[in-house]
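User: I would like to go through this model with you. Could we begin with a loop residue and then move on to the sheet and the interior?
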Amino acid sequence: VWRPSSNVVSIKLQGEPRRLIFDASAGYPHVRLASSWPENPHNPDREVLILRRFLTNGRISNVSLREDRVMAFVIESRGETLDLTLQMAGRFPNITLTSETGEELVRLVHSRPGLDPDSPPLKAGIESWTEDTADILNALELLIEEVIERSTISQKLTYLAREARALGKRSRRACEALTKELQKARRAEEHRSHGELLKSVL
């Protein structure tokens, strides 16, 4: 997790080269998958450290659009179910992490509420949930499933590579031990031959 700017959070997905960008800018709050992103600060701030503590090694289990205003990511992490939300409509866009009991763990912009349930309704005649919106959410869910599958494969490959390295080390040690035993056997044979020769001379 990184925070390239005051209103933006960048999250690296395991097994996916792109990053998940949460943007709570007042002009255009949104979530996107990005192939490029701004340079990150060298020192993470308090909010980033809290997000990292709760989200590292977490798994996205669900994505939904709530009340046509809030993009919500349900994350399973360390036996807990967390909500990472972006308030997209209303007066106060913000990014908030809450526990399964509803406790606010961190919000990105402290001068704004984590959620804005009292924001004015959408303008009449504007349908915020469209087929395009549903398609985007469906595509995002499929991508998350693919990332999870890749992550599982990556973990298995990592395990196999680790086992192969361990097997290689054990094989090298066994070969080295066998070589030493063969050298000892050769020296013993040489000593025995010398002893036989010495006996025949005597």
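User: Where does P93 lie?
Analyst: P93 belongs to the loop between β7 (80-87) and β8; helices (H or I, at least four residues) and strands (E, at least two) are DSSP runs, numbered from the N terminus. The model is a predicted one, in which local features need pLDDT of at least 70 and side-chain atom pairs count only at pLDDT 80 or more, while totals for chains, interfaces and linings use all residues. Residues are numbered from 1 along each chain as its sequence is written, and side-chain values use heavy atoms, with hydrogens and water left out.

User: Is P93 buried or exposed?
Analyst: P93 counts as buried, at 4% relative accessibility. Buried means under 20% relative accessible area, exposed over 50%, and partly exposed in between, with a 1.4 Å probe and protein chains only.

User: What is P93 in contact with?
Analyst: Leaving aside neighbours within four places in sequence, P93 is in contact with A24, S25, A26, P29, Q87 and R112; contact means heavy atoms within 4.5 Å. The C-alpha atoms of P93 and L108 are separated by 9.9 Å, and these residues are 15 apart along the chain.

User: And T96, where is that?
Analyst: T96 lies in strand β8 (residues 95-98). T96 is buried, with a relative accessible area of 2%. Apart from neighbours within four places in sequence, T96 is in contact with D83, L84, T85, E104, V106, R107 and G114.

User: Changing topic: in what order do the four strands of the open sheet come?
Analyst: The order is β1-β2-β3-β4, with antiparallel pairing; two strands pair if DSSP finds at least two bridges between them.

User: Why is one side of β1 and of β4 left without a neighbour in the sheet?
Analyst: β1 (2-5) and β4 (30-34) stand at the edges and each has a single partner strand, so one side of each is left without a neighbour in the sheet. On average, neighbouring strands of this sheet are turned by 25° against each other, direction ignored. Axes are lines fitted to C-alpha atoms, for helices over the stretch in contact, and angles run from 0 to 180 degrees between N-to-C directions.

User: How many bridges join β1 to β2?
Analyst: Two bridges join β1 to β2 (residues 8-12), and these strands run antiparallel. W2 stands opposite S10, and the bridge partner of S5 is V8. A hairpin through two residues joins β1 to β2.

User: Which helix packs on that sheet?
Analyst: Helix α1 (residues 46-55) packs on the sheet and touches β1 and β2, its direction making about 145° with that of β1.

User: What about R19, buried or exposed?
Analyst: R19, in strand β3 (residues 19-23), is buried, with a relative accessible area of 12%. Beyond neighbours within four places in sequence, the contacts of R19 include W2, S10, R32 and W37.

User: Last topic: how many cavities of 30 Å³ or more are found?
Analyst: A search of the whole structure finds one cavity of 30 Å³ or more. On a 1 Å grid over the protein atoms alone, a cavity is a set of points where a 1.4 Å probe fits but cannot get out, and lining residues have an atom within 4 Å of a point.

User: Which residues line the largest cavity?
Analyst: The lining consists of E47, L51, I95, V106, R107 and L108. Two or more residues come from each of α1 and β9 (104-107).

Conventions: On a 1 Å grid over the protein atoms alone, a cavity is a set of points where a 1.4 Å probe fits but cannot get out, and a pocket is an open set with protein on both sides within 12 Å along at least five of seven lines; lining residues have an atom within 4 Å of a point. Grid points are joined across faces, edges and corners, and a volume is the space filled by probe spheres set on the points.
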